Amino acid sequence: PGVTLLNVSGLILLHLAPGGHLGRICIWTEPAFKALGELYASNTLPRDMMKTADLTRIINSDEIQREVRPAKAQTRPAIKKNPLKNINVIIKLNPYTKITKHATTLA
């Protein structure tokens, strides 16, 4: 666990930095460096798609927030009440209970 072996020809950034977080140690072999040289022989290495690596700052910027839909209000689920302990819930489930409870208190 915690060790991943990857082939250079199928290497993608998500394997090196999952979730965009850097911090994995990479051990390269000499044949791997040679394979990298063959893959990118024309000296056109992949370029960064973003100029700023601070994704949180980009997401929270005014330009992005103007275009994003507003967050939906979160509703809490209703608390389920126990009909064995709550008389009002018992009456909702079985209205005849009110009559029988009333009759037992009179008797």
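Reader: What makes lysine 34 and glutamate 30 a salt bridge?

Author: This is a predicted model. In it, the closest N and O atoms of lysine 34 and glutamate 30 are 3.8 Å apart. The cut-off for a lysine nitrogen and a glutamate carboxyl oxygen is within 4 Å, so the pair counts as a salt bridge.

Reader: How many salt bridges does the structure hold?

Author: The structure holds 1.

Reader: Where do lysine 34 and glutamate 30 sit relative to each other in helix 2?

Author: The two are 4 residues apart in helix 2, which spans residues 30-39. That puts about one helical turn between them.

Reader: Why is glutamate 30 called exposed?

Author: Its relative accessible area is 56%. Exposed means over 50%, so glutamate 30 qualifies. Lysine 34 is exposed as well.

Reader: And threonine 29, why is that residue called partly exposed?

Author: Threonine 29 has 46% relative accessibility. Buried is under 20% and exposed is over 50%, so 46% falls in between. Threonine 29 lies in the loop between helix 1 and helix 2.

Reader: How many aromatic pairs are there?

Author: The count comes to 1 aromatic pair. Tryptophan 28 and phenylalanine 33 form it, 5.7 Å centre to centre, with 35 degrees between the planes.

Reader: Why is the pair of tryptophan 28 and phenylalanine 33 called tilted?

Author: The centres, at 5.7 Å, lie within the 6.5 Å limit, so the rings pair. Stacked needs planes under 30 degrees apart, and edge-to-face needs over 60. Tryptophan 28 itself is partly exposed, at 34% relative accessible area.

Reader: Which residues make the nonpolar surface patch?

Author: Met49, Met50, Leu55 and Ile59 make it. The patch covers about 450 Å².

Reader: How many helices and strands does the protein chain have?

Author: There are 6 helices and 0 strands. Along the sequence the pattern reads α-α-α-α-α-α.

Reader: How far apart are threonine 29 and isoleucine 59 in space?

Author: They are 38 Å apart, C-alpha to C-alpha, and 30 residues apart in sequence. For glutamate 30 and lysine 51, 21 residues apart along the chain, the C-alpha separation is 31 Å.

Reader: What share of the residues counts as buried?

Author: Of the 107 residues, 6% do. The accessible surface comes to about 10,900 Å², and 59% of that belongs to carbon and sulfur atoms.

Reader: Where is confidence lowest and where is it highest?

Author: Helix 1, residues 13-16, is lowest, with a mean pLDDT of 76. Helix 5, residues 87-93, is highest, at 92. For the protein chain the mean pLDDT is 82, and 93% of its residues reach 70 or more.

Notes
Residues numbered from 1 in each chain as written. Predicted model: local features only at pLDDT ≥ 70, side-chain atom pairs only at ≥ 80, totals over all residues. Heavy atoms only, no water. Salt bridge = Lys/Arg side-chain N within 4 Å of Asp/Glu carboxyl O. Buried < 20%, exposed > 50% of the residue type's maximum accessible area, 1.4 Å probe, protein only. Phe/Tyr/Trp six-rings, centres within 6.5 Å; stacked < 30°, edge-to-face > 60°. Patch = residues over 30% accessible without salt bridge, like charges linked within 9 Å, V, L, I, M, F, W, Y side chains within 5 Å. Areas by Shrake-Rupley, 256 points an atom, 1.4 Å probe, with all protein chains shown as cover. pLDDT = per-residue confidence, 0-100.
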